[in-house]
2 protein chains.
Amino acid sequence: MPCSDLNTISAVDFQQRVAAGDDEPAALIDACFARIADREEDVRAWQHLQEKTECLNGLNASHGAALSGIPIGVKDNFDTQDMPTTWGTSYLRSERSPWDAAAITLLRRAGATIVGKTVSTELAYFTPGKTRNPLDYRRTPGGSSSGSAAAVAAGMVPLALGTQTAGSIIRPASFCGVIGFKPTFNTVPLAGVKGFSPSLDTVGWFARSVDDIALAFAVLTASPPPKIEGLNLYGLRVGVRALPLDGPLTVDTVSVMGATRRMLLKAGAQVFELDLPANFDALVDVQKCVMAYEAARTLAFEYDTYRDQMGPKLVAIIEQGLAVAPEDYRAAIQATAWHRREIAKRFTFDLDVILAPSVNGEAPLGHDVTGDPLYCRAWTLLGLPCISLPIGKGIHGMPIGMQFIGAEGADAKLLSIAKAVMLTTQDGSDIE
Amino acid sequence: MPCSDLNTISAVDFQQRVAAGDDEPAALIDACFARIADREEDVRAWQHLQEKTECLNGLNASHGAALSGIPIGVKDNFDTQDMPTTWGTSYLRSERSPWDAAAITLLRRAGATIVGKTVSTELAYFTPGKTRNPLDYRRTPGGSSSGSAAAVAAGMVPLALGTQTAGSIIRPASFCGVIGFKPTFNTVPLAGVKGFSPSLDTVGWFARSVDDIALAFAVLTASPPPKIEGLNLYGLRVGVRALPLDGPLTVDTVSVMGATRRMLLKAGAQVFELDLPANFDALVDVQKCVMAYEAARTLAFEYDTYRDQMGPKLVAIIEQGLAVAPEDYRAAIQATAWHRREIAKRFTFDLDVILAPSVNGEAPLGHDVTGDPLYCRAWTLLGLPCISLPIGKGIHGMPIGMQFIGAEGADAKLLSIAKAVMLTTQDGSDIE
């Protein structure tokens with residue numbers, strides 16, 4: 001297995017090396033294709049791959065741009081004008097969309113090279129695709145952004161786009177040992193991304209460094225780069241909270257959470273149990289209600305046309321959603337608005353960041369499930385920015401991520417905290 | 001010009017006649033195509049029309065369904081699997097989408113016949129299409145849902161779908177003298193509708209009776225029919241408010257508002273000036289900020305690819321949006337949330353409905369503009385359900401609609417009020 005540090009380097013570091021004359025602009029794309037050639041047969045991250053020569057065309061034109069020379073994978077539920085899209089289904093297929101999804105355009109505007117479409121579960125729900133966990137092929141990479149997480153973990157690309165409606169970024173990031181980031185709801189344009197639940201659907205992405213997450217954040221929001229350097233963990237107010245609180249966490253998740261708390265305390269952070277109104281736990285069910293109700297309507301065409309070809313879990317959530325009374329949905333939307341205000345007050349007065357499990361335990365064995373997004377549902381419902389950091393290991397040596405959750409719109413602050421946490425863990429604290 | 005009452009009848013009345021054996025199930029579709037043949041050359045409401053024989057196929061299969069035998073037009077920014085879509089542009093075109101928009105599927109599930117795609121302005125913004133006002137060909141029908149409003153007004157279809165981001169349902173409804181309804185934000189699925197500003201975009205529709213608006217509401221939300229019968233205007237708390245308050249309303253709009261107030265008072269309603277926090281007026285600019293910021297990102301592909309072919313107003317809003325600082329956008333989103341809560345409190349304690357202008361004055365002469373959505377912007381931003389009722393006339397005899405605005409999620413109550421208002425105006429009060 002050929003191994004180059006170009007398969008582990010961050011996009012930001014690579015560009016600095018190119019600027020210093022230490023690497024050719026095409027080197028990262030070369031390394032990406034070499035790694036794909038080597039590992040794709042096992043990992044199965046890609047639904048469609050562009051030709052390498054096509055990817056290298058236009059590299060000169062993008063010279064100096066923010067993402068010039070950076071190969072990126074995009075989940076196969078983003079429309080592409082130059083590649084087919086299947087939305088993770090056997091029954092839908094578009095050879096060429098009339099447009100690229102807006103997020104892809106923003107990446108291309110910054111000079112990025114979209115190397116292909118990564119495997120999605122069926123319509124970004126629970127029916128798994130063909131992808132396997134690059135760290136242990138017997139295990140799921142998680143879903144629904146399976147191929148994007150696996151491609152980054154396997155060293156195929158430094159950055160890949162996905163989407164999250166329940167836990168489809170944070171969960172596969174944890175299972176595959178990469179960083180996964182879901183920004184504040186409605187921060188990155190969803191145009192050209194197939195919807196599932198419009199109150200929840202959010203574009204997110206995977207990377208190997210927080211710097212790369214931040215670089216993509218600037219590009220994907222068409223905004224100036226966020227300043228994420230130099231945050232000191234000393235005095236940082238960290239509220240710890242699994243949501244739901246009474247879920248049965250695995251021993252290794254509890255252990256990694258404990259180690260993360262100790263690391264934060266050692267760095268001078270204030271770490272405390274985050275007390276929340278008792279009905280915060282109900283947000284898990286509120287999220288399920290909103291997701292089912294909206295999916296049943298959003299996927300009306302697919303249900304009426306392809307029900308017989310759909311996975312049973314997808315049929316089940318649509319039928320559940322049709323059975324939800326409109327007044328219960330309306331109550332769920334109102335409850336969500338209330339809880340958003342409550343958590344915003346906490347962030348205003350006595351809280352900088354929330355620490356929570358990304359998912360419960362290591363990636364499960366087998367390829368018929370993608371794991372449970374339980375510990376992501378409430379944070380996604382609240383629209384808060386979330387990041388999963390690969391800072392622990394489970395009993396089988398597989399990665400266990402920790403989820404950090406910021407205030408609505410405070411994405412840059414969350415990334416600053418994430419960067420400080422990563423620096424601290426790399427500087428010594430061994431979290432296992 | 002052949003005239004049949006089938007070109008003015010409501011869908012609900014037609015179905016009752018079919019049920020009673022007084023009309024053939026195909027009669028309305030027949031009458032629709034006859035009227036289109038007669039008037040389309042002048043009105044130019046349609047971007048694409050299906051074949052009549054195709055529309056009549058399948059009519060038997062839908063027998064007894066809620067919209068069986070009802071011909072419906074759909075704005076050309078909804079994806080269709082069996083018709084081309086142009087989004088009102090010369091540069092985008094899809095012969096067949098991989099799906100029907102979810103709203104179209106819900107209509108078809110209820111047995112409706114989609115007869116064609118109606119003209120949209122360019123990407124549902126301000127560059128007019130070919131449609132003319134059916135009541136005076138020298139005038140605009142309004143925009144952006146130009147063809148849908150004109151098709152209903154011209155007696156071509158009893159129902160037509162559109163979308164509203166600023167005032168694209170309420171304004172053309174007023175200009176064309178039909179009922180236009182924009183439900184609560186995120187009530188009808190937007191899947192398969194091209195986005196412009198995701199915090200604002202809303203599916204809405206046009207009809208000739210409130211009963212038909214309510215029937216479509218049930219179908220498009222996959223919900224039971226709302227009960228809208230028998231509301232008494234006596235004691236109804238009606239807050240009157242143009243927003244912005246200081247806009248220079250035309251004499252005829254002021255006159256129709258005054259007549260509407262008198263009609264409501266005569267029916268026993270409590271009618272009062274709605275006092276709101278002073279910064280409510282700023283919501284007009286907040287709406288513009290949100291719309292520009294989001295459009296600049298949502299339409300990234302179109303801007304990068306087709307800028308040279310775009311209308312200058314569309315280019316201008318995208319470039320304005322790129323110049324908005326992300327923190328100003330975030331502040332706009334937060335201000336919107338605050339004002340939504342404030343107006344919700346009013347509706348909880350001392351307000352049933354708001355009366356406001358739909359638009360200022362009659363449809364302007366000429367086809368190079370579509371009118372100004374000024375008096376719709378704030379209500380759309382707040383996500384409230386709005387209905388324009390064709391209850392007045394201007395100085396040139398053209399229609400002037402009045403806008404009634406309900407509480408978030410109280411769409412059924414708003415439709416009940418609208419029905420009572422229409423019955424009262426038809427029962428005698430002459431509003432001119």
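Between which strand and which helix of chain A does the loop that holds A:Pro244 lie?

Modeller: A:Pro244 lies in the loop between strand E7 (237–240) and helix H8 (251–266) of chain A, where helices (H or I, at least four residues) and strands (E, at least two) are DSSP runs numbered from the N terminus. This is a predicted model, in which local features need pLDDT of at least 70 and side-chain atom pairs count only at pLDDT 80 or more, while totals for chains, interfaces and linings use all residues. Residues are numbered from 1 along each chain as its sequence is written, chains are lettered from A and ligands numbered from 1 in the order in which they are written, and side-chain values use heavy atoms, with hydrogens and water left out.

Most peptide bonds are trans, and most residues other than glycine have a negative phi.

In chain B, B:Leu123 has a positive phi near 50° and sits in the loop between strand E3 (113–118) and helix H5 (146–153) of chain B; at 6% relative accessible area, B:Leu123 is buried. A positive phi, near 75°, is also found at A:Gly383, which follows H13(A). Helix H13 (residues 374–381) of chain A is mostly covered, as 8 of its 8 residues are buried, including A:Cys376, A:Arg377 and A:Trp379.

Turning to the rings, the structure holds 17 aromatic pairs over all chains, a pair being two rings of Phe, Tyr or Trp (its six-membered ring) with centres within 6.5 Å, stacked if the planes are under 30 degrees apart, edge-to-face if over 60 and tilted for the rest. One of them, A:Tyr125 with A:Phe126, is tilted, at 4.6 Å centre to centre and 55° between the planes; A:Tyr125 is buried at 11% relative accessible area, and A:Phe126 is buried at 16%. The pair of A:Tyr293 and A:Tyr329 is stacked, at 4.0 Å centre to centre and 10° between the planes. Because A:Tyr293 lies in helix H9 (residues 283–298) of chain A and A:Tyr329 in helix H12 (residues 326–349) of chain A, this pair ties together parts that are 36 residues apart in sequence. Both A:Tyr293 and A:Tyr329 are buried. A:Arg297 lies over the face of A:Tyr293, 3.5 Å from the ring centre, the criterion being NZ of Lys or CZ of Arg within 6 Å of the ring centre and within 35 degrees of the ring normal. In chain B, the charged end of B:Arg307 sits over the ring of B:Tyr303, at 4.4 Å from its centre. Finally, ring pairs link A:Tyr91, A:Phe301 and A:Tyr306 into a cluster.

Conventions. Buried means under 20% relative accessible area, exposed over 50%, partly exposed in between (1.4 Å probe, protein chains only).
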